[in-house]
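Okay, thanks for making time, everyone.

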Amino acid sequence: MREYKLVVLGSGGVGKSALTVQFVQSVFVDRYDPTIEDSYRKQVEVDGHQCMLEILDTAGTEQFTAMRDLYMKNGQGFILVFSIIAAQTFDELHELHRQIQRVKDSDTVPIVLVGNKCDLEDDRTVPREEGERLSSKWGSAPFYETSARTRINVDEVFYDLVRLINRQNPVRTDRASRRRRCRIL
């Protein structure tokens with residue numbers, strides 16, 4: 001079974017933990033408790049393949065930014081989250097994206113862009129078109145509007161990131177690896 005190291009990044013209060021806990025445990029965390037770093041593991045099936053996801057839910061507050069380089073170095077794919085009701089959280093993603101590219105020394109890093117809290121449409125300050133434009137600017141990174149509260153697009157975000165990682169680093173399917181898998185089974 002292939003393992004994937006996914007990193008969830010974004011400003012404080014955008015719902016990174018709520019999104020991650022909703023995906024892993026199917027529970028909505030209603031209170032805001034700033035995260036330093038939480039790690040989760042979940043086995044899922046994506047496109048007929050069993051996968052073990054190791055998800056790192058990171059701090060969004062400024063005092064823990066020194067740890068980000070390490071998260072970025074070890075991560076294979078990234079979920080960049082902003083809140084659709086807080087424009088500043090959207091603006092802060094530009095620097096996170098640049099930092100990921102610098103640390104990974106690549107312009108083609110698997111990234112999914114997420115506008116969270118879409119259940120709060122009446123309080124929206126970031127138009128959907130802004131997210132779509134940024135997605136396009138980042139090389140057509142998948143863009144989802146999610147709600148951790150109502151579970152809208154939660155699974156899709158994580159599954160799509162696995163697909164991006166697989167496209168960039170395909171699973172070996174040569175004869176030798178197939179024979180090895182057959183013997184193991």
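Before anything else, a definition: helices here are DSSP runs of H or I with at least four residues, strands are runs of E with at least two, and both are numbered from the N terminus. Keep in mind that this is a predicted model, where local features need pLDDT of at least 70, side-chain atom pairs count only at pLDDT 80 or more, and totals for chains, interfaces and linings use all residues. Residues are numbered from 1 along each chain as its sequence is written, and side-chain values use heavy atoms, with hydrogens and water left out.

So, the overview. We've got seven helices and six strands in the chain, and from the N terminus the order goes β-α-β-β-α-β-α-α-β-α-β-α-α. Of the 185 residues, 45% are buried; buried means under 20% relative accessible area, exposed means over 50%, and partly exposed is in between, using a 1.4 Å probe and protein chains only. Now contacts, meaning heavy atoms within 4.5 Å: among those between residues at least 6 apart in sequence, 71% join residues at least 24 apart.

Let's zoom in on helix 5, residues 128-137. Which residues of helix 5 are buried? They are G131, L134 and S135. These sit on the same side of helix 5, because they cover an arc of only 105 degrees around the axis, the arc being that of the directions from the helix axis to the C-beta atoms. After helix 5 comes G139, with a positive phi near 80 degrees.

Next, helix 4, which spans 93-104 and holds H97. H97 counts as buried because its relative accessibility is 9%. Leaving out residues up to four places away in sequence, H97 touches L80, I111 and W138.

Last, some backbone angles. Most residues other than glycine have a negative phi. D105, though not a glycine, has a positive phi near 50 degrees. You'll find D105 in the loop between helix 4 and strand 5, and at 70% relative accessibility D105 is exposed. K117 isn't a glycine either, and its phi is positive at about 75 degrees. That one's in the loop between strand 5 and helix 5, and K117 is partly exposed at 21%.
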